[in-house]
Amino acid sequence: MKICNSSYEFNVTSYRNTAMVITTLQAFAGLWINAFIVSVLCIAWVKKRSFSSVEKILLFLGCSRFWYLCFAWVYNFTTTIYSWCIFVHPIPQILAAIQNFFDSSNLWVSACLCGFYCIKIANFRHIFFNYLKAKIDKIVPWLFLGSVFLSLFFGIAAYDMTDKVLYNINNSTNLGNMWKLNFEIDENIFPMLVTFGFIFSCAFLVVISSALLLLFSLWRHKNNMQTNAGKNLSVDAHIKAMKNIMFFLFLYSINFTCLVLNMMAKKDDRVTFFILVFQYVFPIVHSLNLILSNPKLEKTLLKTLSCVKYKVCRR
């Protein structure tokens, strides 16, 4: 029996270490990509002393994703390698609060970017839509402020939830009452989980609505241009933007699903590993797609890679 237990513990430890290595590689790749976006935009701001609305959103998004990946990796590293830190107050509470703050900021600023592209590119004659298109540059800073307040709420709530869960775990001395403990934990944090799910769903609905509105605008624009024999540049721009939006919607849907699964109480190590991997995919792949779809960022990236390649070959 002892041999079986030691073998099981060894397999669990090796599995967690492997998962830690993979997520570490993902995290550092995402840190580099988002740090590149932030550095390029900051250098551009220093040179011309002005920022467009889309550059403001990209800068805010790059910063939130950089710090999200940073603290998510620190949290996973701490709980995997130094698991005893989980029971040292207030280390897990602070890490959970900071991670959830930047995670919420990442989700809401991503939704703002999707809505911004929809308002700027789509063409509707409704009065409210025209008002948003005219005032979008002034609305963007208020969207940032709203995302910060929502993120602060998530961070404080995550601190309180983590504190309650760890308090119940520390006070449970009888292993026979584990079912009762799980019930009490779920009872304590269930209202907060429902609130989290509702607010995350609102961000998801913003993304879906923006994508569908942009799709409808593209379809209507193509019908209006059917009489033109030549290739219309506006249609090409719509098609390219639509591809990016649909790709973003696909990634956002995966990330939203992982968030819902992460809220579920019972997960084994394998499920947790896949959730972490897919949650890291969203801020990495989408940021890379933003670089490749932005001429300024793409040009700087190609120039940087060519300089690195030259220096490596020279050595």
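## Cysteines

Cys42 counts as partly exposed, at 33% relative accessibility. In this predicted model, the cysteine sulfur closest to that of Cys42 belongs to Cys63 and lies 6.4 Å away, which is too far for a bond. A disulfide would require the two sulfur atoms to be within 2.5 Å.

Cys118 is likewise in no disulfide, and its nearest cysteine sulfur, that of Cys114, is 7.1 Å away. Cys118 counts as buried, because its relative accessibility is 3%. For the structure as a whole, the number of disulfides is 0.

## Aromatic pairs

The model contains 19 aromatic pairs. One of them joins Trp32 and Phe36, whose rings are stacked, with 5.8 Å from centre to centre and 15° between the planes. Both residues belong to helix H1, which spans residues 2-48; they are 4 residues apart and therefore separated by about one helical turn.

Trp32 is partly exposed, at 46% relative accessibility, whereas Phe36 has a relative accessible area of 7% and is buried.

Key: Residues numbered from 1 in each chain as written. Predicted model: local features only at pLDDT ≥ 70, side-chain atom pairs only at ≥ 80, totals over all residues. Heavy atoms only, no water. Buried < 20%, exposed > 50% of the residue type's maximum accessible area, 1.4 Å probe, protein only. Phe/Tyr/Trp six-rings, centres within 6.5 Å; stacked < 30°, edge-to-face > 60°. Helix = DSSP H or I, 4+ residues; strand = E, 2+ residues; numbered from the N terminus.
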